[in-house]
Every structure is written in structure tokens, then in C-alpha cells.
Amino acid sequence: MSVEFRSVRAEEIEAYLRSIGVPFGFDPNPEALARFRNSFELERLQAAVDGDQIVATFGALSTAIHVPGGVLPMAGTTVVTVLPTHRRRGILRRMMGDHLNDLHERGEPLAALWASESAIYGRFGYGQACEKAAVKVDKAYARLREPVEINGTMRLLDKNQAQTVLPPIYDAVAPKRPGLLARTAEWWKERTLRDPEYMRRGATALRHVVHDREDRPVGYVLYRTRSHGESPGWEVQVVELIGIDDQAEKALWQFLFGIDLSTSIGCWNQSIDYPLRWWLEHPRQLERKIEDGLWLRVVDVPRSLAGRRYACPGSLTMRFADEQCPWNNGVWRLEVDNDGVGHCEQAKGEPASAKADLELTPQALGMTYLGGHRFTALVRGGLLSGSADALRRADALFNWDVLPTCPDFF
């Protein structure tokens, strides 16, 4: 029987979620179903159907992402599954092709995802744009080298209060850090602060703490605690910690380190340039595991390159060979002025065989676009090619003050 590719109907949502649950290893419950209905746009959910069974799923979230010096529309690629009974039939490749064509028609220049399996998405042009550190410190070593005087207060908020108080803090910080999403009120409600019990994995409900200084909110932390079972005490699990400056963030860490009966404090997703270890009295005692975070796919090369700022003036010509997005193929010239503003257009009047400064794959551009990886490092990994001079110029142009990070898992 042939497989039909089409959008999902409203009456199929429960069957759709059941299909997602097979490869991801969960059984949907009514709470999960309600969250799914509230969190996704029906018209952006696609299915592969064999007879009367949904055998593959594919979705996109409409959002925007902070890039160096700007914000661009982005599709959050998500709920990508194929049932084990229907693997190796080209289903994923077909759905990915439809997805990228749809983004091109919608005018969304970027797509991003969290990869459940890292071997899959590079061949579709997604690159590891952000790395993250999973960190943990035992309570015995949870001390700042220079304890801070907390000038202000810490307040525990309920969810409704958090929905109002926390977004302005995030919005003040997000433009400074590439990779952070431009969260809407709906995103805060249905994703950041939504806290169903089935997603807690044995931990407590999400705690929302805001730090006030001079009668205004300057930082917040979202965290849980999880018991060790028979053993006394619990671990503190930091979900998100954001402050408008280092002083606010140090105060929040000092608050966490002082939670009674805790045995350790950890965070699953910290930017790898985050200075916590240098703030600690014993930096070696901070356990750090570096993992891949957000993967980025450049769907529209000229719009994406013109949509971010650059660290210095200069120029580059880049040749792209893009199987999934053929409109990106060819040689593109990037010119950056003295203000860091980029202008990108296809090189004209040159033969198709003309030599470019860099030969880039979509995966390599996804890795370097936010400033998370150096071109000189990727050339050694065999992911791109170019002269030593061109690589140095590319590193200088794409460099940014801070490394990218994304606290939103989707």
C-alpha cells in the first residue's frame, strides 16, 4: 500500500500523538493531549499515512530567534518521527523536503531543532549551532569565591505572577545572546511555564523565584528539587537562570546554594562560556559535560547573511552546494560595512566554475552562523574548505562577543 503525505486533521490529533509516542517511548495521557493541542499549530503538522495508520510525523513551530545584532523568523522543526515498521523507505527525506520547501514559500529564512539522534540531521543541512554544558556541583563545594551581598530580595512567585514578572527580564537580556528565542506570551504560557506532572520525572513542581533590586526585578531562576528516595536530602535542578547583569546572576546562584537539605545543584543547559566555574571557590569541583544543543538550518542564504551583524568590516565570497534548498546554490558575495551591517547578493558575471573564497555546505553554515564555531576549526574537521586568509577573514567577521545558547527545548 502506498504512503500518503498530507496535513493532519483535527480529529486525528490523538492518533498523531500516539504515533509520536512509539519511537519516543511514551503513552499519551489526557494532560499530554491537551498540552499538544494548545502548543501546536494544526496547519503546521504533517503526517505520512499508510492505509488508516499514521506512520510518520513532522511539525514546525512559528517563532523567531535572536541572531548577532538582530532577530529573524525561524521555524522550530519538531515532532519528527517514523515508526520502526516504516524505516528506510525515504519517508523522512520526503517530509524534510516538503518542510524546507514550505519554509521557503513562507519566507522563514531559518529552521532549528534539537536532535534526538545526532547522525540524522547533518545530511539535511542542519549544523550544531549551539553547544551546551550540563553542570553539577556538590553542596559541599557550592560556594562563590567572592560571596555577594544580596542588595534586594528574593520572591517566590506563583505561575500567574511569573507569567507577568519574568518576560520583561528575559526580553532585556535576549538581544545580547544569540540563540535565544523571541518568546511570545503564548510561548511563556504553553511552553516555558507549563508544568504538567508527567514531565517532572519524579521532581517537584517548577519553582519561580525573582530577584528584586531597588524595587525592580533584575533576575529570576526556575528550578525543581528531586528527592534521593531513601537517602536524606535532594538535588536542585536549575531549569533556567537569567539576570540583567552578573551581580544579579551571582545573587541567584548564592540563593540556590543556600537551599536547605540540598545535596547538589545542577543545570542541564548552560552556555559553555558561562562563568559559573570562575565564580566558584573551587572551580574544579564543577562537573561539566559538553553536549550539542540547538541545530540550525539556513533556508535562505542571502536573507540570513544580511539579517545578522558582523564583528568587523570585510568581504567574502562563498559557494554553496545545497541539495535540499537548490535556491541557495551558487556563489554569494557578502560585503560588511564599517557598522557591521552585511549585504549579500549572488555573484554575477562569473562562470559557475569561478573559485570562491570558501566552499560551504549548509551544515557548515548552520554551525558558524550564530558565532558558535570557528571556520578554521571546521576546515580541519573536513566540513568546509578555503584558503588560510579566507578562513581568518571569516572567523573575524562571524565572531561575536558571546557564544550562542538556547534555553528552549522543543
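Which residue of strand 19 stands opposite leucine 360? I found leucine 384 there.

**Basis.** I am working from a predicted model, where local features need pLDDT of at least 70, side-chain atom pairs count only at pLDDT 80 or more, and totals for chains, interfaces and linings use all residues. Residues are numbered from 1 along each chain as its sequence is written, and side-chain values use heavy atoms, with hydrogens and water left out.

**Sheet.** I looked up the pairing of strand 18 (residues 358–360) with strand 19: it is antiparallel over three bridges. Strands here are DSSP runs of E, at least two residues, and helices are runs of H or I, at least four residues, numbered from the N terminus; two strands pair if DSSP finds at least two bridges between them. Both strands belong to an open sheet of five strands with mixed pairing, in the order 17-16-15-18-19. Strand 17 (342–346) and strand 19 (384–386) are the edges, each with a single partner strand, so one side of each lacks a neighbour in the sheet.

**Helix on the sheet.** I noted that helix 11 (residues 388–398) packs on this sheet and touches strand 15 (314–320), strand 16 (330–336), strand 18 and strand 19. Contact means heavy atoms within 4.5 Å. The direction of helix 11 makes about 110° with that of strand 15; axes are lines fitted to C-alpha atoms, for helices over the stretch in contact, and angles run from 0 to 180 degrees between N-to-C directions.

**Helix pair.** I then checked helix 4 (residues 159–173) and helix 5 (residues 185–192), whose axes come within 11 Å and cross at roughly 115°. Gln163, Leu166, Pro167 and Tyr170 of helix 4 meet Ala185, Trp188 and Lys189 of helix 5.
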